[in-house]
Amino acid sequence: MKHASLAVLAAVVLAAAPLRGQSLLYRPSNLGGTWVTDAGVVQFNFLHRFYVSPAPQHFVVNYPTFTLATGLGHQLDLGARFATRSIVGLANGAQSTNETEVYGRWRVHGTEGQPGFAIAVTPAYNFLAKSVDGELGVDWTRGALTLHGAARGVSRRLGQLGKGAAAFAGGFNARLNPYVGASADVGSFVSPTVRAAWSAAITFLIPGSPHTFSLQASNATSATIQGASEGVSPPLVLSKVLYGFEFTIPIHLKRFAPWIHRSPKPVALAASGAAVAAEVNMTAIKFAGDAVTISAGQAVRWTNRDPVEHTVTFDGAAEPGSPVIPPNGSYVHRFDRPGTYTYHCTPHPFMKGVVVVK
């Protein structure tokens, strides 16, 4: 039972391969970009940067930022960011170092990552600064290159009573191949006394998943509108460079529907009138009875007993495969020619089976 539960949990992750999520291949580390979360998806990003002091102490100071957003449909989403030990708050003498920002985003034009321009408006409120903030983001994509620009405004900068400010930022993403990219950005408040924030990163798309991962160097400690507009400076740290990573995790709520609705309605697919000579259950993320033998003209029925979707995909296109088979769904296929037909599940390629037709 324990192994089956682990297999189901692994399948929930692996089954997300065809689904979308925010990609760091199209957004530099310190820019919000124009991404709008799809409806029915919760986007969770974990940004972790740290500073290591010189010898002999070598103590580590961590600066994480957590981003959570969900799609509202119609090119809208709503999100929040929480950053601990905000370097902006420390630098300006704020009473707290925990920076919380709530924001909305409306993508006015275009689609992130598609050729041409995309434009998004992001109003926000920063609780640490008690400030109404906002960002206008513009992306331009051509081939493997995306250029970014952002204009920002805040009604009250952290630690500075009654002082509003404007900031500007720009950056780029260069995709070296479908799985690896590089990015850099720079941004700053319009003030000669403010150190500009910058970042550089190398990004990886995890194959077969909607997750991306980036290794970063930066001098900004949070991803909020204010935090990404001002770089760290001594004496807060002796070095001007922080290192870290970011990981994107889209959570598609429809993947959990079978756990909420315990008995989904049965669905029959394909040749329902064929004479079924063999049954194969898809359970515990495997084909139970992975090898069956039938005669030409007979059919096999596959039934999905798992809480995640599966497919029956024949190797080498020997036979037409199934569409996505939902939980409690079944698929029937008739074999008219003798032969050995191997198959697998597309979302879970480790699931394999064979049909021998005599």
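This is a predicted model: local features need pLDDT of at least 70, side-chain atom pairs count only at pLDDT 80 or more; totals for chains, interfaces and linings use all residues.

User: Okay. What makes Glu246 and Arg27 a salt bridge?

Analyst: The N to O distance between their side chains is 2.7 Å, and the cut-off is 4 Å, so the pair counts as a salt bridge. Glu246 sits in strand β12 (residues 242-252), while Arg27 is in the loop between α1 (2-14) and β1 (41-52). That puts the two 219 residues apart, so the pair is one that links distant parts of the chain. Both Glu246 and Arg27 are buried.

User: How many salt bridges are there by this rule?

Analyst: The count comes to seven. Another of them joins the side chains of Glu135 and Arg152, again at 2.7 Å, N to O. Glu135 is in strand β6 (residues 131-142) and Arg152 in strand β7 (residues 145-154), so this bridge ties together parts that are 17 residues apart in sequence.

User: Why are Glu135 and Arg152 called buried?

Analyst: Buried means under 20% relative accessible area. Glu135 has 8% and Arg152 has 5%, so each of the two gets the label.

User: And why is Asp336 called partly exposed?

Analyst: Its relative accessibility is 49%. Exposed takes over 50%, and buried takes under 20%, so Asp336 falls in between. Arg334, at 42%, is partly exposed too. The side chains of Asp336 and Arg334 meet in a salt bridge, with 3.1 Å from N to O.

User: How do you know that Leu72 is exposed?

Analyst: Leu72 has 53% relative accessibility, and the label needs over 50%, so Leu72 counts as exposed. You'll find Leu72 in strand β2 (residues 60-73).

User: Now the rings. What makes Trp302 and Tyr343 an edge-to-face pair?

Analyst: Their centres are 5.4 Å apart and their planes meet at 80°. Trp302 is in strand β17 and Tyr343 in strand β20, 41 residues apart. Both Trp302 and Tyr343 are buried.

User: Why is the pair of Phe314 and Tyr343 called edge-to-face as well?

Analyst: Here the numbers are 6.0 Å centre to centre and 65° between the planes. The limits are 6.5 Å and 60 degrees, so this pair is edge-to-face too. Phe314 lies in strand β18 (residues 313-314), 29 residues from Tyr343. The structure holds 12 aromatic pairs, and ring pairs link Phe287, Trp302, Phe314, Tyr331, Phe335, Tyr341 and Tyr343 into a cluster.

User: Which residues have the most contacts inside the largest nonpolar core?

Analyst: That core has 22 residues, and the ones with the most contacts inside it are Phe287, Val300, Trp302, Val312, Phe335, Tyr343 and Val355. Among the strands that each supply at least two residues are β17 (299-304) and β20 (339-344). Strand β14 gives the most, with three. Apart from this core lies another, of eight residues, including Ala69 and Phe189.

Note on methods: Residues are numbered from 1 along each chain as its sequence is written. Side-chain values use heavy atoms; hydrogens and water are left out. A nonpolar core is a set of buried Ala, Val, Leu, Ile, Met, Phe, Trp, Tyr and Cys residues joined through side-chain atoms within 4.5 Å. Buried means under 20% relative accessible area, exposed over 50%, partly exposed in between (1.4 Å probe, protein chains only). Helices (H or I, at least four residues) and strands (E, at least two) are DSSP runs, numbered from the N terminus. Rings of Phe, Tyr and Trp (its six-membered ring) pair if their centres lie within 6.5 Å; planes under 30 degrees apart count as stacked, over 60 as edge-to-face and the rest as tilted.
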